[in-house]
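Please read them alongside the sequence and the coordinates.

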Amino acid sequence: MASHYEAGTKNLKNSEVASYDRNYAAHRQGITHEEMVQCYTKWAPEYEKDLGPHYNGPQFATKAISTVFQEKDQRMNVKILDVAAGTGVVGMELADKGFTNIDALEPSHGMLEQAKKKKIYNRLICECIGEKRTDIEDDTYDALVVSGGMGEGHIPCIALREMIRVVKSGGAICIVMREEYLMYVQEYKDKLEQFMAQLEEEGKWKRVARDRVQNYSFNKYGVVFLYRVC
């Protein structure tokens, strides 16, 4: 059986392998959350140059949020939390579509420093999202978006409860991730979608869409989950 790395590099062009390697370093099997954060902090200055040409998650996330808030002249009033905001690429996409009331939550101070330079976020929160309560009040946001925040050592399933807590009733939560992580990342395999369904059964949120998309990252399929908080 091929390793996750071998499976990931299959069909990549030679010119793409170096960038894939740097991305894989932050998603490698067995990486701890602390190691992941350190990896991103070290990678932050070169992150966009390495990943930009191969990563379309921010566009998919922004498209999904735009379907919820279709009135363009009202988008400036939509308060959004960009979770695992990284260097601010998702924020830039959102701002380009008229969403300008955005906060960033990101555990890597190095990535957050890069995001700060873009001057698109109102609040920069250097925290991870997981089981513990973040420094955010209940029902603060109209929408929450995650793109690229799911992976080995990244956001745990239990964090969905915290996401729901900080979003208003009727608000939207969009999670965009690489499809293959649902198949081999142990935190998600046979767990993530089941937990999503459990939360729906509990009346916490309601699924709007689950879309499989092409060329999410390095020509791989992604999944766009879109929910409305109850």
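Against which elements do the buried residues of α10 pack?

1. Basis of the note. This is a predicted model, in which local features need pLDDT of at least 70 and side-chain atom pairs count only at pLDDT 80 or more, while totals for chains, interfaces and linings use all residues. Residues are numbered from 1 along each chain as its sequence is written, and side-chain values use heavy atoms, with hydrogens and water left out.

2. Helix α10. The buried residues of α10 pack against α8 (159-166), β5 (167-178), α9 (181-184), β6 and β7. Helices (H or I, at least four residues) and strands (E, at least two) are DSSP runs numbered from the N terminus. Within α10, which spans residues 192-201, the buried positions are Leu192, Phe195, Met196 and Leu199. These positions lie on the same side of α10, because they cover an arc of only 105 degrees around the axis; the arc is that of the directions from the helix axis to the C-beta atoms. Buried means under 20% relative accessible area, exposed over 50%, and partly exposed in between (1.4 Å probe, protein chains only). After α10 comes Gly203, with a positive phi near 80 degrees.

3. Cys230. This cysteine is located in the segment after β7. Apart from neighbours within four places in sequence, Cys230 is in contact (heavy atoms within 4.5 Å) with Ser169, Gly203, Lys204, Trp205 and Lys206.

4. Helix α7. In this helix (residues 109-116), Gly110, Met111, Leu112, Gln114 and Ala115 are buried. The elements covering these buried residues include α3 (33-43), α4 (47-51), β2 (101-105) and β3.

5. Largest pocket. How much space lies in the largest pocket? The value is about 180 Å³. The search uses a 1 Å grid over the protein atoms alone and a 1.4 Å probe; a pocket is an open set of points with protein on both sides within 12 Å along at least five of seven lines, and lining residues have an atom within 4 Å of a point. Grid points are joined across faces, edges and corners, and the volume is the space filled by probe spheres set on the points. The lining consists of Phe60, Lys63, Ala64, Thr67, Ala209, Asp211, Val213, Val224 and Leu226. Two or more of these residues come from each of α5 (57-68), β6 (205-217) and β7 (220-229), and α5 gives the most, with 4 residues. By class, the lining holds 6 nonpolar, 1 polar and 2 charged residues.

6. Cysteines. The whole structure contains 0 disulfides, a disulfide being a pair of cysteine sulfur atoms within 2.5 Å. For Cys39, the nearest cysteine sulfur is that of Cys126, 16 Å away; Cys39 is buried, with a relative accessible area of 18%. For Cys128, the nearest cysteine sulfur is likewise that of Cys126, 9.3 Å away. Cys128 is partly exposed, at 39% relative accessibility.

7. Ala84 is not a glycine, yet has a positive phi of about 55 degrees; Ala84 is placed in the loop between β1 (79-83) and α6 (89-96). Asp139 also has a positive phi, near 55 degrees, and belongs to the loop between β3 (121-125) and β4 (141-147). With a relative accessible area of 46%, Asp139 is partly exposed.

Methods: Ala, Val, Leu, Ile, Met, Phe, Trp, Tyr, Cys and Pro count as nonpolar, Asp, Glu, Lys and Arg as charged, and the others, Gly among them, as polar.
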